[in-house]
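Here is a quick tour of the model on your screen. Keep the structure open while you read and click along as you go.

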Amino acid sequence: MTLETSIEYVKGIGPEKAKLIKNVLGISTVEDFLTFYPTRYLDKNKVYKISQLQESSIEIQLKGKITHVQEIQTGKVKRLSAKFNDDTGMMDLVWFQYSKWMVEQLPINREIYIFGKINVFNNQFSMPHPEIEIDERKENDNRLRPIYPSSEKLTKRGLHQKFFQTVLRNICKEIPNLIQENLPDYMMNSFKFMSRQHTYLNIHFPKDLDHFEKANNRLKFEESFFFQLGFGLKKLHHKTQSQGNPFPVVGAHFTNFYANNLPFELTNAQKRVLKEIRMDMKKPIQMNRLLQGDVGSGKTMVALLTMLIAMDNGFQSCLMAPTEILAQQHFNGIKDLLTDTGINIRILTGSSKASERKIIHQELESGELSILVGTHAVLEDKVKFKNLGLAIIDEQHRFGVAQRAKLWAKNKIPPHILVMTATPIPRTLAMSFYSDLDVSVIDEMPVGRKPIITAHRREKDRTFVYNFCRDEIKKGRQVYFVYPLIEESETLDYKNLMEGLDHVMNSFPDYNVSMLHGRMKPAEKDAAMNYFASGKAEIMVATTVIEVGVNVPNASVMVIESSERFGLSQLHQLRGRVGRGAEQSYCILMTSDKLSKESRTRIKTMTETNDGFKISEVDMQLRGPGDILGTQQSGVIDFKRLDLVNDSAIIKTTKKTVEKILEADPLLAKPENLVIKNYYLRYYKGKNKWSKIS
């Protein structure tokens, strides 16, 4: 037997069962079976009494005698029923599928153990299809008994727990020939790990809880370690193989702007991040950096200063955003900052006119245009740069991998890449999924920003909330009302928004109201936005279109309607649209009176903290890691034992361990590391699904 052996050749399986198991569980080799781990364990030393039974569907073990066996026919359907007694009471056993042979074999009036799931019907306990062991033949096994994931389809065909346990016992006997060590002695000793053979034995048939814990920890460590190793090797390869244009100069464009046009003093976090970026770009290696920062922490300023360094070295830059609104906003913001500098900047989106495009194409190819801001339109083949040296991508997980690769191809030597995200990614996820990017974090807010006050209000408080909005408008401020997209139907959403608009207009008859939603044409959106931004409208009623990047410093109140329908990161993004000026800002979360437990957690988190990283941690506990990374990457997480939410300590340790090993031995060529290298080449190199992410 080897790990590659097909399961039909394993004792007790055969071609028919092998086909069924493959269809239902996706298991086709011995190795698949070895990594088909139990979901929990049954302590076979624990025997329940009938009097202790409670309503619950877990599998338990009882000791007693079977009496009164009878066949019952209802219409055409037959079932077999029996009574089971111990010294505390009686319950029913029932078989819906059975053979004449099975009826004859039932051990009646003998001491037996039964094992199975408890059902409750009319306050009467029963156990369907129990597993039976006769007292004197009961295995004297103190180990914990594994319970494997199963399905009705399998149980109906006789593939129940006993079957899986027997198959795995047979495979586990072969472990000495099947399992080789994959970690070097120095790691085994330093972490006091159980051997790999013992690990597999104790994950399937643990001697006791302590042995299970040790086996489980070793498997989690292994998964995380080889995952991080793949990323670490990729990063090393990138640093040695992918050339980039060095930017050694910090020249007049940067220094003049820094001295004369910087509207505010940079925070220490911005200075630190800028230094990290400068160190990267000095080298003749392509920069590959992720810039994380909360809403409003000043990422755009860092992006602009980086583009000025590219200019000082004779290169062009482009900044790509996922939506037209966001691209337009970046463009307006950067253009304002560059007033009187003579630097040429243009914007290219799907709705750019042909005459504008012509000028952009010419200026890009001649090198006259230094900075291009745009959407996906930048990726079109006819957009050619003279010498693109820096590509900045905003909102990372909205762009597919293939699209990013297109940007690389816009220059003979690929441009430096800076990826910006305003959705703080939980640190465990950043450590796992962006291990091949260098991560910079802006973790402080610009001076003079007051933390936004967030309050939770219910329907009964509406009059109070409206009065508060009126007071703020009287002070010269502006207000957002945001309505959720329920997404069941566009018509319904539109209706909700229109009703909301009517309601707001009736409640605030003395003020101008502007409206923004996804169905509007780009030109209409711009007009509505400008009408609000210029102060002509005091109130804006909008859907989540404004989640990304709308910047109106004078807007100081946001009322989010039906806020229980929003996810945490979305609420946090929306809240970031206020608090952009020097005034105190407020975010009011309106909800109905009844809230689910999860909604309560979300609303409570929002009112207690403004820290995007803390919020993202809670979000990950509620939604799981896949959702946070966006749909493109949710399929990536197929760890069998490692849990990204709860195992952050293991992830940190393995990351450090990998970094230390690769620093000392980048090619894993030292004799003591060959065991790691050989295992990695065999199991990960060929099927490294992760290498395609960044």
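## The second pocket

Let's start with a lining: around the second largest pocket there are 19 nonpolar, 15 polar and 11 charged residues. In that count Ala, Val, Leu, Ile, Met, Phe, Trp, Tyr, Cys and Pro are nonpolar, Asp, Glu, Lys and Arg are charged, and the others, Gly among them, are polar. The pocket holds about 1200 Å³, and of its 45 lining residues T300, Q329, G333, N551 and R580 lie nearest the centre. Helix α13 (324-337) gives at least two residues, as do α12 (299-312) and α19 (522-533); the largest share, 10 residues, is from α13.

A word on terms. On a 1 Å grid over the protein atoms alone, a cavity is a set of points where a 1.4 Å probe fits but cannot get out, while a pocket is an open set with protein on both sides within 12 Å along at least five of seven lines, and lining residues have an atom within 4 Å of a point. Grid points are joined across faces, edges and corners, and the volume is the space filled by probe spheres set on the points. Helices (H or I, at least four residues) and strands (E, at least two) are DSSP runs numbered from the N terminus.

## What you are looking at

This is a predicted model, so local features need pLDDT of at least 70 and side-chain atom pairs count only at pLDDT 80 or more, whereas totals for chains, interfaces and linings use all residues. Residues are numbered from 1 along each chain as its sequence is written, and side-chain values use heavy atoms, with hydrogens and water left out.

The protein has 694 residues, and 52% of them count as buried (buried is under 20% relative accessible area, exposed is over 50%, partly exposed is in between, with a 1.4 Å probe and protein chains only). There are 26 helices and 22 strands, and the C-alpha atoms fill a box of roughly 100 × 70 × 45 Å along the principal axes. Take the contacts (heavy atoms within 4.5 Å) between residues at least 6 apart in sequence: 73% of them join residues at least 24 apart.

## The largest pocket

The largest pocket has about 1400 Å³ of space. It has 39 lining residues, with P128, H129, P130, E131 and H160 lying nearest the centre. Two or more residues each come from α3 (100-105), β5 (112-117), β8 (131-134), α4 (152-156) and α5 (161-173). Which element gives the most to this lining? That is β8, with 4 residues. By class, the lining of the largest pocket has 16 nonpolar, 13 polar and 10 charged residues.

## A seven-stranded sheet

Strand β8 also belongs to an open sheet of 7 strands with mixed pairing, in the order β6-β7-β4-β3-β2-β5-β8. Since β6 (119-121) and β8 are the edge strands, each has a single partner, so one side of each has no neighbour in the sheet. From one strand to the next, the twist averages 40 degrees (axes are lines fitted to C-alpha atoms, for helices over the stretch in contact, and angles run from 0 to 180 degrees between N-to-C directions).

Two strands count as paired if DSSP finds at least two bridges between them. Strands β2 (residues 59-74) and β3 (residues 77-86) run antiparallel and share 8 bridges; K65 has N85 in β3 as its bridge partner. Next, β3 and β4 are antiparallel with 7 bridges, and they form a hairpin with 2 residues between them. There, A82 is partnered by L93 in β4. L93 also stands opposite M127 in β7, where β4 and β7 (residues 124-128) pair in the parallel sense over 3 bridges. Strand β4 (residues 89-95) is mostly covered, with 5 of its 7 residues buried.

## Residues worth a click

Most residues other than glycine have a negative phi. H68, not a glycine, has a positive phi of about 50 degrees; H68 is in strand β2 and is exposed at 63% relative accessibility. S562 has a positive phi too, near 45 degrees. S562 sits in the loop between β21 (555-560) and α20 (568-575), and is partly exposed, at 27%.

Finally, find S28 in the loop between α1 (14-25) and α2 (30-34). S28 is partly exposed, at 26% relative accessibility. Leaving aside neighbours within four places in sequence, S28 is in contact with T5, S6, I7 and K22. From S28 to G500 is 56 Å, C-alpha to C-alpha, and 472 residues in sequence.
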